[in-house]
Structures are given as C-alpha cells and as structure tokens.
Amino acid sequence: MFEYLPWKVENSLDRFFRNREPSIEIVGTDSPTLLAGLLSLPKVALNEKPHLVMVGNAAQAEKLVTSIKFITPELKPLVLPSFDVGIYSGLYPNRRVIAGRLAWLWRAQNAKPGDVFIAPVEALVQRTLPYQTLAHKAMRLGKNEALPSDFASQMEALGYDNVPIVEDVGTFSVRGGIADVFSPAHEHPVRMELFGDIIDTMRFFDVDNQRSLGDAAHLEIIPAHEILFNDENRQKAAARFKASFEGRQLDREEAQSLLHQLVQGQYFHGVEFLLAFFYDTPALPLEHFNTPLNIWKIDRKSTRLNSSHANIS
C-alpha cells in the first residue's frame, strides 16, 4: 500500500470523497502504478462504490493488474476481455475469453463496494447478452442441497459441454455419485460428492491432476456462452441468419450447415459473432452494473476519476 502521496493529490482525493464532487483529474501521469496505489488507499478502497477503470487496450489492463497485485495482493481486479479475433479472420473466439467476459458481467451484476473492474474501451463497446438473461439464468448450489433431477439438461441449456473429465471452463461431468462443474464464475472447477441426490461435499480441484484445492462454500453456475438457445430465439436467429445470405458471396454448403445447427440449437465455433441475431436489444457491458460507480479513465498523461452511475458518457 502507498503510505504517502503528494499532498495536493491527497487533499484532492479527500475533497472529492468528502464533498462528493463529480470528478477529479490528476494531470502529468498515466502511470498504472500510481493508480494501483490510489486504489489501495483505505479512503478509496473502502469507498461505498465499486471502481471501474477504463483503459486504452488490453496491454494497459494487464500492466494495471500487475501493479495492483504487487501493491495490494489481496485485491482481486477483474479484466473484461474483448474477442481475440475478428469476425472476418476465419478464426473463432477462445473459450476462455468468452468465460472471462461472462465472469466480469456476472461480477458486475453483483458488484460490492471496493471491487475493481478493469476494461479496455474495445471490450466495453462490444455488445453482449441482456442483463435479465444473465441474471435469470444464474443459479447457486450449496452443501446439503439437492442436485436438481434435470441437472444435466439444465447445464446443457446454459451452454455447458457434457464431458467424461472436466478439464476446461464451460464443461461438466456427472458420473456415479460425483458431479464436476467448471463455471466461468470460479477460477477452478468444483467437485460435488453426492449422497443420493444431496450434495455432501463441495471442493475446488486442479484440472491438471484432479487433486483437491480445498472446500468450496458454494457453486455459482452462470451461462457458459453469451448466446443461450431457446425455442423462440433459435428460430428467430435462423430466419435472420438466412436473410443475411442475400447478395453475399458465401459457401452455400457451409452456410446451410450453420443454419441447420442454429435451428437445432447446437453450438458451433464462432456462434458468438451472431449475437445480434438472437437478442433484439443486446446490452453493453456497462448495462450489467446496477449500482453507481467510481469511474477511472486513464488518458495520455492524466488519470481522471468520475463519481457517477454506470454509463460511458
């Protein structure tokens, strides 16, 4: 933690929080180390609002995370990734990028005072699933609760792959009296040992060696994809996708194959690029916050702090 700051910065921060001023600008530096130090200060970290830090790109986000972890290891900032490939690149978004986005969005919906969210501008303007879709699909399981009888079908409806062994995020496995789930909401997968249909124990485990990493208080299950199929939207998405064929030079065989998978509600690589076909009003990531924020903006040679509701303006 920073013990001392230049007195002008210290006084300005005191005045900002005490008088609830709308903004403060620190001119002369865009150092991630300075901002990491500011976020570690009790007057900032214990403020009644979560913090959103807007940065120019992913590299700046990683530099800030490194600085925060060095200065305040107990602070766990969460970075919003953008897709690591373009729609016309012929490549597909990495599963862990999608999981990282969903984890950030879920945490945003459940933000607590002092939480730190970091987002490159490119990631903030990339639309995603609506607030209500994510909020209504999330569920929590705890020890001594009953595992739903239709657990497997619920997981598949949330976009999880049913696999023999859980090794990657967005997968689950049920075998005998054990159920494993790797939810984007957690850094590690959770293993539930069952007594009948009752959850007897819950532990995090290592995907590399399958060994326990300690008890889990609960399991937060959130969607594994930003697109969730249902009977209504898959037909709508298929119709919109088909209409997009008009006047375009496409591989008709491949397009028809993708159309068939949409109608059947089957996930395929790159389906996230079709998000606008599924939702009438896709949301911006900032729309997933439901509490006022302290918004930090790092520009060239300055750091600006705004106290406001969640919006980009």
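Guide: Welcome! In this predicted model, the axes of helix H9 (residues 231–243) and helix H10 (residues 252–264) come within 8 Å and cross at roughly 160°.

Visitor: Why is H9 called roughly antiparallel to H10?

Guide: Angles over 145 degrees count as roughly antiparallel. The axes of H9 and H10 cross at roughly 160°, and that makes H9 roughly antiparallel to H10.

Visitor: Is the crossing of H9 past H10 left-handed or right-handed?

Guide: H9 passes H10 in a left-handed crossing.

Visitor: Which residues make the contact of H9 and H10?

Guide: From H9 come Arg-234, Gln-235, Ala-237, Ala-238, Phe-241 and Lys-242. H10 brings Ala-255, Leu-258, Leu-259, Leu-262, Val-263 and Gln-264. Sorted by class, the residues of this contact of H9 with H10 are eight nonpolar, two polar and two charged.

Visitor: Is the crossing of H2 and H4 left-handed or right-handed?

Guide: For H2 and H4 the crossing is right-handed. On the H2 side, the contact is made by Pro-32, Thr-33, Leu-35, Ala-36, Gly-37, Leu-39 and Ser-40. On the H4 side, Lys-63, Leu-64, Ser-67, Ile-68 and Ile-71 take part.

Visitor: How many residues of each class are in the contact of H2 with H4?

Guide: There are seven nonpolar, four polar and one charged residues in that contact. Gly counts as polar, and Gly-37 of H2 is one of the contact residues.

Visitor: Now for the open space. How many residues line the largest pocket?

Guide: The largest pocket holds about 1,000 Å³ of space and is lined by 31 residues. Pro-77, Leu-78, Ala-103, Pro-184 and Glu-187 lie nearest its centre.

Visitor: Which elements give two or more residues to the lining of the largest pocket?

Guide: They are helix H4 (58–71), strand E3 (78–79), helix H5 (95–109) and strand E12 (218–221). H5 gives the most, with six residues. By class, the lining has 17 nonpolar, six polar and eight charged residues.

How values were computed: Residues are numbered from 1 along each chain as its sequence is written. This is a predicted model: local features need pLDDT of at least 70, side-chain atom pairs count only at pLDDT 80 or more; totals for chains, interfaces and linings use all residues. Side-chain values use heavy atoms; hydrogens and water are left out. On a 1 Å grid over the protein atoms alone, a cavity is a set of points where a 1.4 Å probe fits but cannot get out, and a pocket is an open set with protein on both sides within 12 Å along at least five of seven lines; lining residues have an atom within 4 Å of a point. Grid points are joined across faces, edges and corners, and a volume is the space filled by probe spheres set on the points. Helices (H or I, at least four residues) and strands (E, at least two) are DSSP runs, numbered from the N terminus. Axes are lines fitted to C-alpha atoms, for helices over the stretch in contact, and angles run from 0 to 180 degrees between N-to-C directions. Angles under 35 degrees count as roughly parallel, over 145 as roughly antiparallel, 65 to 115 as roughly perpendicular and the rest as oblique. A crossing is left-handed if the near helix is turned anticlockwise from the far one by less than a right angle, and right-handed if clockwise. Contact means heavy atoms within 4.5 Å.
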